[in-house]
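Good morning, everyone. Please take a look at the structure on the screen. I will walk through a few of its parts.

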Amino acid sequence: MLPGAYIAYKKNGTAYYRASITYRSKHISLGSFGTEEDASLAYQEAGRLLGDVSITFGDAFSLPTILNFNKVISLLNFRDNHIYFKNPIYLKNNYFIYYISKSDELKFDIDDLFYYSSHKIMRRNGHLFVSDYGMQINILSRYGIKNYAVAGRDYYFANEDPTDFRYSNIIVVNRYYGVTKITSSRGETYKVQIHINGNYIVGTYQNEEQAAIAYNKAVDLAKKHGICKNFQTNYVEHYSPREYAQVYSQIKVSEKYLKYLERL
């Protein structure tokens with residue numbers, strides 16, 4: 001067999017070839033190939049990437065290679081930063097870059113390194129998500145951003161770079177279902193709306209958590225009046241069960257909303 005190539009067989013008996021390399025006592029799989037020559041070529045190219053420091057990280061974007069681009073990133077990161085990740089991650093000072101493709105890179109804080117080193121990021125219809133326990137999880141949920149949230153209204157990027165997911169760059173404006181922050185010359189208030197057959201105003205509140213509880217109360221009232229809808233409700237973590245119950249019992253919703261429910 002040619003250097004770095006190993007023959008393997010599919011279930012139907014068809015032969016294919018795998019390539020691998022050992023570097024700094026780490027055995028690294030390089031992928032599967034249709035011919036022995038291609039597998040050996042992948043091995044040779046991996047050895048050149050790992051051993052030739054004159055090949056810069058920037059070269060990875062124009063370097064012709066039989067290796068998968070994600071594998072090239074992993075190899076260069078291992079060479080330069082001495083840590084191997086299966087996912088296409090390259091470490092920088094105090095942050096890292098995750099490459100979905102050559103033209104699609106995302107920045108994250110080092111605090112997220114363990115998570116994304118074991119969770120592959122995918123993009124579909126403009127949404128970024130990972131597979132976690134069999135479910136597709138939007139990566140924005142790690143910042144307390146709901147699936148329905150709208151960029152520029154419910155959250156925004158401080159430096160206007162939508163690929164920069166470092167915590168200091170993501171500003172969450174509206175954290176709760178049905179709650180919208182309103183800023184005026186008189187300060188900040190929180191408007192609560194519930195969608196049934198159109199949007200109905202539940203009320204305006206001075207406190208974001210109280211507004212979230214008001215929305216939950218509006219949902220409970222809607223269900224009590226026979227509205228069968230899969231409403232999402234808010235989890236308010238800053239309140240103990242007793243504090244939550246006290247606010248819930250005292251919070252008021254608009255008379256117009258109550259009259260609407262009575263007419264159903």
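Before more, some ground rules. This is a predicted model, where local features need pLDDT of at least 70, side-chain atom pairs count only at pLDDT 80 or more, and totals for chains, interfaces and linings use all residues. Residues are numbered from 1 along each chain as its sequence is written, and side-chain values use heavy atoms, with hydrogens and water left out.

Now two terms. Helices (H or I, at least four residues) and strands (E, at least two) are DSSP runs, numbered from the N terminus. Two strands pair if DSSP finds at least two bridges between them.

Back to our strands. β12 and β13 (residues 187-195) run antiparallel, joined by 6 bridges. They belong to an open sheet of 3 strands, in the order β12-β13-β14, with antiparallel pairing. Which strands stand at the edges? They are β12 (179-184) and β14 (199-205). Each has a single partner strand, so one side of each is left without a neighbour in the sheet. Neighbouring strands here are turned by 30° against each other on average, direction ignored. A helix joins in. Helix α4 (residues 208-224) packs on this sheet and touches β12, β13 and β14. Contact means heavy atoms within 4.5 Å. The direction of α4 makes about 15° with that of β13. For such angles, axes are lines fitted to C-alpha atoms, for helices over the stretch in contact, and angles run from 0 to 180 degrees between N-to-C directions.

Next sheet. This open sheet has 3 strands too, ordered β7-β8-β9, with antiparallel pairing. β7 (121-124) and β9 (135-138) are at its edges, each with a single partner strand, so one side of each has no neighbour in the sheet. The twist averages 45° from one strand to the next. β7 and β8 run antiparallel, with 4 bridges. Isoleucine 121 has valine 130 in β8 as its bridge partner. The hairpin of β7 and β8 has 2 residues between the strands, and there asparagine 125 takes a positive phi near 55°. Strand β8 (residues 127-132) also pairs with β9, antiparallel, over 4 bridges. Serine 131 stands opposite glutamine 136 in β9.

Last stop: methionine 1. This residue lies in the segment before β1 (5-9). Is methionine 1 buried or exposed? Its relative accessibility is 60%, so methionine 1 counts as exposed. Buried means under 20% relative accessible area, exposed over 50%, partly exposed in between (1.4 Å probe, protein chains only).
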